Structures are given as C-alpha cells and as structure tokens.
Amino acid sequence: MFKNYFKTALRSLVKNKFYTSINVVGLAAGLATCLLILLYVKDELAYDRFNEKANRIYRVNNEIQFGNNHLDLAVAPALQGSSMVREMPQVEQYTRVRWYGNFLVRKGTENIRENRVGFADSSLFDVFTLPVIAGDAKTALKGYHSLVVTETMARKYFNSTDIIGKTLLVNDSANYKITAVIKDIPRQSHFNFDFFVPMMENYGSNDDNWLSENWNTYVLLKENADVKQVEAQLNPFMDEHVGPQVKSLTNQSLEEFKKSGGYIRASLTPLTAIHLHSNKIAELDGNGNAEFVYISSAIAVLILLIACVNFMNLSTARSSNRAKEVGVRKVIGSLRKDLVQQFLVESILISAIAVVFAVLIAGLLLPYFNQLAGKDIHAAVLVRPGMLLSLVVIMLVVGLLAGSYPAFFLSSFQPIDVLKGKLAGGFKRSWLRNALVIFQFVISITLIFGTVIIYNQLNYIYHKDVGFNRNQVLTVNSTNTLGDQATAFKNELLKISGVQNATLSGYLPVNYNRNNDAYFTSPAVDPTTGISMQSWTVDENYIPTLDIKMLQGRNFSAEFPTDSKGIVINEAAAKFLSGKDVLNRKLYSVKNRETKLLNEYHIIGVIKNFNFSSLREVVTPLAFHLGKDNGNISVRINASDIPHVIAQIKSDWKAVAPSQPFDYSFMDEDFNRLYTTEQRTGSIFITFSVLAILIACLGLFGLVTYAAEQRVKEIGIRKVLGANIAHIVAMISKDFLKLVCIASLIAFPLGWWAMSKWLQDFAYRIPISWWVFAFAGLIALLVALLTISFQAIKAANANPVKSLRAE
C-alpha cells in the first residue's frame, strides 16, 4: 500500500515541477535556518557542562549598595570561599580564579605576549574537570613560580607535552617551572585560560578585608546538598563577617548601615547558568545572552512555519487540480483515511527532499554563520547520529504539520460534487488561506521592524557624545612591562611630530574590567555623607588627551605639589555631594581599618560626565587622583599620515624594549568592540528578516501564479473588452496587497512591544519614531508588490486568443 502511495506521490510531484520546486525551496530554506540556529542554541546550552561535577558547582556573587553606588559583582572577598567551607557543612570545597592579565614568555630571542593567564588555587582540579596529561594535579599549583599550561601551549613552546620540570622565562624576570600539562579547556567554558599561576602569587589573596571583592570564587556542594539552605545561610554569614568592617569604615553599626539603605549580600549562580544568565561586573569572559537564544529559537520556528504555510496555501489553492482525482478514487472505493495517508506521504516526501537540500545548504552556509554568530561549529556535527535522528524527527513533524490540513481538506471532497464540476473554481476565497498569508507577513514585518531599531540603536551608540573624544587615539597596551621606563617612553612619544598629547594610565573608558571602587566620607567621620565611587589613578595629561571637558576648577598640574592630594570628580559625584560649590571641599578615605587612619583629599576640579561604563548604565560618581599607573599609554594623534606616526611610535618602543612585542589598538575600535553582541544581533536579525520575507514572497509568487492560471479566461475576456495591462495587474494584485496591509497593522504593535523591551536594557536609547513603522510596512509592501507584479504583468501580457481559443 505504502509503495503505491510513494509512486503516486512521486508521479504527482514530477508532474507539477513548478509548485514542487517552490515548496522544496521554501521548506529547504526554512529547515536550513532551523538547523543553523539549532546548532547555535545547542552550542550555547553546552557551556561548562563538560565538568563532571557541574550540577554541584556554584559561583559566589556579591551585591553591594554603598553610598550612591550599586555594584552587582561576579567576584567575592578573598576569604569568602574558605570561610564557607569551614562554616557551612554542605560546602565540600572551594576554589578561586582571577585574571593575571598578560605576561611575556621568552621563546628563542623574542618575547611572546600571552593574554589568557589566570591565577588559581591548588583546589582548582578538585572542583573543575581539567584532565591532566602530565604532572600531578594535587601539587601543581602549590609552589611559587609554578606554571600549569595547556596542551597547545606546551607544543607551542616545547613541541612536546613531556615537559614537567622545564622552565619558561616570564616577563624577562623569573623562570617558571612547568608542574602540569592539561588538555585544552573546551571552548564552551565561561573561562578559557592557557596558563595558570598559583593564587599565592596574587597580592592580597589572603587579605581579610571583606569589603574588597576581587576573586571569582566557586564552591562545590556535597552530594545531595540543598542549595536553597546554603543560600539561606549566606546573608547571615555575610553579616557576621562584614559587620565589624562596616562599623570600622563608616562608624555605623550594621543595622544602622542597613537602615540608611546600604547592604552587602551574597548569592550563588549555578555553573551551567553563568554563560547565559549572568552579566555582572568582573565576569571572567564575555557571556552569552539567554534572551537572544530564546529569540533566535523563536525566529527559527517562525521561519519554518512560514515555509510550512507556503506548502499549505499552495496545496489548498490548487484543490481543483486534485478534486477529480479525489472523486474518482472515492468512487472506486478509496476510504477517506486512505486519501489522507496518500496526501501525507506526498508532503513527507517533499519534506524529505527539503531536508536533504537543507543539510547541504546549512553545510555551505556554516562558515558564514560562524562568522556572524562568533562561533566555531564544524559541519561534521550535521551527520552525527544524534543530529541525523533529529533530522528524521524534523522531517516527519514538518511533513505532518505542512500536509495535515491539505490532506484533510482535499480528502473531504464529495465525489458527486466533484464529478458534476461544482468545485471547478479552485482558487475561491478562503479565510484560512488569507489568514496564513497575513501570518507570514506579520513575522516578516516584525523582523524588519526589529532590524531597523537595532541598527538605529547601534548608530546612536557609535555617534553619541559620550563625554570624551575616542577618535584618533592610539593605545599602546601593556606598558607596565616597561617598568620605570614607562614615563620616559611617554615623554619620547610627545616629541614625535603628529602626536598631540599622551597619557599614562590603565584606567580607560573602553576597558570595563578595570574597576576600582572606593568609599569616601565628608566630613571625616560622618557616614551620612559617604559616597562610593570609582577612583582612577591618572596623570596630568589624561583629561586633555581624552578631551574631557572641565566644568569647574582645574586639571592636575606638576606646578602644584599639593595635587598629589588633589582629586577631580565628575558631575554625578558633585551632584551627590549636594551643591555647585564643591571646589576645595575635603574628602576622606580609609587608609588603615585597624587604626582608622584616613587619607585626606581636596577637590580641585569637576569634569563633565562621560560614559566610562556601558551605555546600558547611567553615569555613576567617579574620581580621578594623581598617581602612577603604567597599564597603558594613550596617544592622541593629529596627523594625516597615521601609519608614519605608528611606525615612529613602534621605533621608540623597540628602542626601549627590543625583545617585547609592540601591541596597540585604536580607542574607537575598542569602543565598538564593547558592543559586539549588539552588532551580531543586528546582523543576524537582518539576515533572518531577508530570509523570512523571501520565503513568504516565494509562497506569494506561487499563489499569484496559480491565481493568474485560474483567471486566464477572465483576463482574456477583459483584454478583448479593452482592459489595459495596469487594470489587470491591479485586479490581480489588490487582494494580496490588502493582506500585507492587514499584516502591517498587526505587526506594528508586536514590533513596538518587543523592541521597547529590548531597548530597556540601555540607559541611553533612541525613541521609536513613527517613520520606523512606515519604513517596515513600506519595505514589505514594495517587496510583495514586486513579487506579485512580475507574474501579474506576465499574465496581463498574454495573448487573449490563446486563452479563448477553446471557447
């Protein structure tokens, strides 16, 4: 029986090549999109699941409301992990990880800068699954100047993994002994280091200051531990440890501190939730976005539904072509269930063909998609057993979904009506078919609307006055490796023709991982006027180099020795200190908690607010103080021949540090990189929007073609009676264009709601203007009109003699 169904289905598909092609192409495009997004979603959901104890590992977070600042941190105090193990029975082990930053590794006669270096406790291997190829995991991170390297790094520097006991010269100052070689950390990890240095080498790693949060801390709970109980114990635990230090810092009891609106809280994030559900300060790496994963999944399903709708519409629209077949089959004894099975086999066959093409398309587009989504997914995953099984399931689901309505619709025809010719008008009005066309264009217009909003927001970010001038500023990275020569190097750069100014500081408004929060009071011990703000060490050239505007007072100057105790604050800080007249006001910070000694500063200037954090956040209080920080040198260039200036800067670098790599970037490019996620979102949205509207128009093209075929005699008669081409095109087009207009009216509020929610993530955002609605609707209308007009004009130009010859 099924063999007969298959033959009949194949014969029908071959007979109607045009409509079969439309269905296969539409379904293949929709399925290919689904496959690519399925691979993306699977990759995102796989983060950190390679850890054997992943379901028991949690990261410790701290949330602080202190003065005027709110900090949501992915880090904890140095002793929080060890204290939790000691005081909470359900906590089995802890470990800490912290960015080392980068260091220089000597290979032959040159130094190579390695950027993925981290500090780690010796308990790292007790918590995380990091297979050791060589060495002893238990002792690998227990000695000074020990180094754990990945397999790739071992082969890079020694061409072997059998290197235990060998040394690497780091920063031209110390030999580090290789104590373990581990397998490369999987790419799907929220941290991905190439080197681990013992945590004991990190300054402050045993600091008992519970108000200093700098360590990414993880706890391993015991088997069958109740995580809710552990979380319930956290805040009383924190109160016990931070209470005395809050008292020492603010002269308030913990209860008074809380009544004034302050708090210091701790929470736990499951390891497997970090990548998609955590976006806190001091994350170890850029995380994903769960919302984007959900949106992508929804878009994939909707695009596939558009393709299924094409199949359903064309099948039901062409009902008259199959009506006689249904009538004859019923007359000779076929049951309705047999006809339903016949049509379902036909739709599943189309689905199977589309799946084959979809796999080929997905494989071809995967490199482009990887670039678009920032992934490294290999085409081999498309032919793995699990994926093949998924493809079979998708094939059946799509075949049944797309074919069910046509199957039941066509099999419902009564043979007596069919054979009397009562169903001759195959393309009669159908509310369901119209609703499906509207559904397709609602999706397409909503995606167009979203794309326009995303690109406008990105354009706003790139062109907004952020309070500093990032154009033509070159940043020489990692100048801390120059040591005492950093200032001399900066002075040499100022002599180069084309260099307008230069500043030496690692605190830059395009490096959000560099934070230094400090608590100030005024007057000395009055906690009610305390303020928590970012405290950045800069030199006297910082403000002019970044072209930050002074509102009151003056910048730092070498002519004023007292500027070593001077401080420059931003508008947000001045506003908090309540008053325009803040110049010369004294601020105090705690120098020593035990003796309660204070550092005294005086305000010498107020600068205009500038966005030193993401545009998702409002500008918070910030203070500059004069000091030495050799992290980076930023150079403002005022020359047309920028490559020549860069060459001179490199020459000066090599004169000072001949064995060290010259690494630089431009500040505007660094700024743009902060919004990589939004750029990818915009690119993916525009790709999906184009794809959705093309698939929708493909179905529309088929419907218009069939409508023209059904009305060929009517068109012929109208032409004989004097109708022109424009009249006939309008006659064929108007019903379809009405559907697109209705779809626009439905899509507009949906698009407005969705994008309003997306824009809420930005403290600085664009309004949704009326022209966006008009633009999205007009684009959909024009594309639909072009699709319809092509076939309508062809029908209108046909010779009426041919269509009326048989009459």
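Reply: Helices here are DSSP runs (H or I) of at least four residues and strands are runs (E) of at least two, both numbered from the N terminus. The model is a predicted one. In that numbering, Leu360 lies in helix α11, which covers residues 336–373, and Leu360 counts as exposed because its relative accessibility is 52%, where the cut-off for exposed is over 50%. Leu360 also belongs to a nonpolar surface patch of about 580 Å², to which Val356, Phe357, Ile361, Leu364 and Leu365 contribute as well.

The part for the close look is an open sheet of 4 strands, arranged in the order β14-β22-β13-β23 with antiparallel pairing. Its edges are formed by β14 (499–504) and β23 (664–666), each of which pairs on one side only. On average, and ignoring direction, neighbouring strands of this sheet are turned by 20 degrees against each other. Between β13 (residues 473–476) and β23, which run antiparallel, there are 3 bridges, and Leu474 stands opposite Phe666 of β23.

Two helices pack on this sheet. Helix α15 (residues 486–493) touches β13, β14 and β22 (633–637), and its direction makes about 170 degrees with that of β14. Helix α18 (residues 642–656), for its part, touches β13, β14, β22 and β23, with a direction at about 20 degrees to that of β13.

Methods. Residues numbered from 1 in each chain as written. Predicted model: local features only at pLDDT ≥ 70, side-chain atom pairs only at ≥ 80, totals over all residues. Heavy atoms only, no water. Pairing = 2+ DSSP bridges. Axes fitted to C-alpha atoms, helices over the stretch in contact; angles between N-to-C directions. Contact = heavy atoms within 4.5 Å. Patch = residues over 30% accessible without salt bridge, like charges linked within 9 Å, V, L, I, M, F, W, Y side chains within 5 Å. Areas by Shrake-Rupley, 256 points an atom, 1.4 Å probe, with all protein chains shown as cover. Salt bridge = Lys/Arg side-chain N within 4 Å of Asp/Glu carboxyl O. Buried < 20%, exposed > 50% of the residue type's maximum accessible area, 1.4 Å probe, protein only.
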